[in-house]
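Work through these exercises with the model open beside you. Try each task before reading its solution.

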Amino acid sequence: MNEATRIPTASELGASTEEFQNLHEFVRKARANLDQNAWDYIVGAAETETTMRRNRMALDEIAFRPRVLRNVARVDASAKVLGRKLRLPVMMAPVGALEIFDPIGAAAGVARAVGRFGAAHMLSSVSEPGLEKVAEAAPDALRIYQLYVRGDDAFVEDRVSRAIANGYAAFCLTVDTAHYSRRERDIAKRYVRESRLRATGGDFQKGLDWRTVKLIKDNYKIPLILKGIATAEDATIALDHGVEWIYVSNHGGRQLDHGRGSMHVLPEIASAVAGRAKIMVDGSFCRGSDIIKAIAMGADLVGIGRLQCWALAAAGETGIVRMLELLEDEVIRSLGLLGVTKFAELDKSYLHPAAPTNLPDVFSAFPLLDIEPYRY
């Protein structure tokens, strides 16, 4: 690779490798940088926050079955997604109001960062600076557009057309937000985000059904993703409609309380899909080992949500690059220790049920972190 095409490291972009050598250090720096409202927005979930804890518990209930005496001198963590080779099969998941965490760069900065590193970015339709400006800021990144439906068919068609015109590789409908949940951390403080105050058209999301899926598939040539699929039954209906990607997600535990953890749902979805569509998943994924577990269980792409926000709040655009570098390092080491040299060699034989060793919470993947998760 020549100097003109070489990917710059995070340190070259301004993020100190000395400051961030472990992933939990982004969380600690983010806590210092954010006010209480922004902090609660990202660490909190719906009502009792049970679904959020189950996301982490579902990951912690999986142990590895490593193989040994295999040549793992060269480990390749890359994957091909939507026709593009990525350094990691990782996507920055859609997060509304990213500008809370980095008012200067916001979603455009995240898209630039993943483009530089070689990951994917899904832009939330309720995150600034909007689909055109993000496309302009990161023309070479693998970009996906996610929509909350806030209008009629013409509204949907306008967003699909604009996403295609601006080079987005796929289009995503979020389908698990028919009603906005009770985020009790916010309610307890009587806090409402400005973006929520400006939001209109919520009844259109409540009325979203399979008819809109058919509308998009019948009229547009862009891969369609449904985000929030949580049962084999709905995955099967999606396949019947020609949906190319099933996105297993419970909104990070921020919508339906007392739901299943994403990694509890993933095997059911993978079995129902049986290779007829691609699968992405999110829900408390924040370590390299988490990514490996998801791919071994049948996912093709793993979404990073809260960790994305912590890295962005800690060090902006360069924090995202550095976070991805650390995730890549964890992935490469763990793949090698499992006895495989690439993701294609993984399957469920490398996984085993196990009792979790930690009580699950939003920070339980970071045992060295000294932050109380439930104080507000």
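**Exercise 1. The barrel**

Which residue of strand 11 does Val281 stand opposite?

Solution. Val281 stands opposite Val302. Before going on, note the ground rules: the model is predicted, local features need pLDDT of at least 70, side-chain atom pairs count only at pLDDT 80 or more, and totals for chains, interfaces and linings use all residues. Residues are numbered from 1 along each chain as its sequence is written, and side-chain values use heavy atoms, with hydrogens and water left out.

Next, place the strands. Helices (H or I, at least four residues) and strands (E, at least two) are DSSP runs, numbered from the N terminus. Two strands pair if DSSP finds at least two bridges between them. Strand 10 and strand 11 meet this with two bridges, in the parallel sense.

Strand 4 pairs with strand 11 in parallel over three bridges. Val90 stands opposite Val302 there. Strand 4 (residues 90–92) also pairs with strand 5, again parallel, over two bridges. In that pairing, Ala120 of strand 5 is the bridge partner of Met91.

Eight strands form a closed barrel in the order 4-5-6-7-8-9-10-11, with parallel pairing. From one strand to the next, the twist averages 25 degrees. Angles run from 0 to 180 degrees between N-to-C directions, and axes are lines fitted to C-alpha atoms, for helices over the stretch in contact.

**Exercise 2. Helix 13 and its surroundings**

What does helix 13 touch on the sheet?

Solution. Begin with the strand pair: strand 9 (residues 245–248) and strand 10 (residues 278–281) run parallel, joined by four bridges. Val248 stands opposite Val281 in strand 10. Helix 13 packs on the sheet and touches strand 8 (224–229), strand 9 and strand 10. Its direction makes about 160 degrees with that of strand 9.

Turn to the helix neighbour. Helix 12 (residues 232–240) packs with helix 13 at about 35 degrees, and their axes are 9 Å apart. The contact (heavy atoms within 4.5 Å) involves Ala232, Glu233, Ala235, Thr236 and Leu239 of helix 12 and Glu268, Ile269, Ala272 and Val273 of helix 13.

Now zoom in on Ser262 of helix 13 (residues 262–273). Ser262 has a relative accessible area of 1%, so this residue is buried. Its contacts, neighbours within four places in sequence left aside, are Asn55, Val248, Ser249, Asn250, Val281, Asp282 and Gly283. The Ser262 side chain reaches the backbone oxygen of Asp282 at 2.6 Å.

**Exercise 3. Backbone exceptions**

Where does the residue Ser284 lie?

Solution. Ser284 is in the loop between strand 10 and helix 14 (288–296). Most residues other than glycine have a negative phi, and most peptide bonds are trans. Ser284 has a positive phi of about 70 degrees. Ser284 counts as buried because its relative accessibility is 18%.

His258 has a positive phi of about 60 degrees and is not a glycine. His258 sits in the loop between strand 9 and helix 13.

Last, check the peptide bonds. A cis bond joins Glu128 and Pro129, with omega about 15 degrees. Pro129 lies in the loop between strand 5 and helix 6 (131–137).

**Exercise 4. A buried valine**

Why does Val27 count as buried?

Solution. Val27 counts as buried because its relative accessibility is 0%. Val27 belongs to helix 2 (residues 24–33). Apart from neighbours within four places in sequence, Val27 is in contact with Trp39, Trp310, Phe363, Phe366, Leu369 and Ile371.

Conventions
Buried means under 20% relative accessible area, exposed over 50%, partly exposed in between (1.4 Å probe, protein chains only). A polar contact is a pair of N or O atoms within 3.5 Å; within protein, one must be able to donate a hydrogen and the other to accept it, and residues adjacent in sequence count only if both atoms are side-chain atoms.
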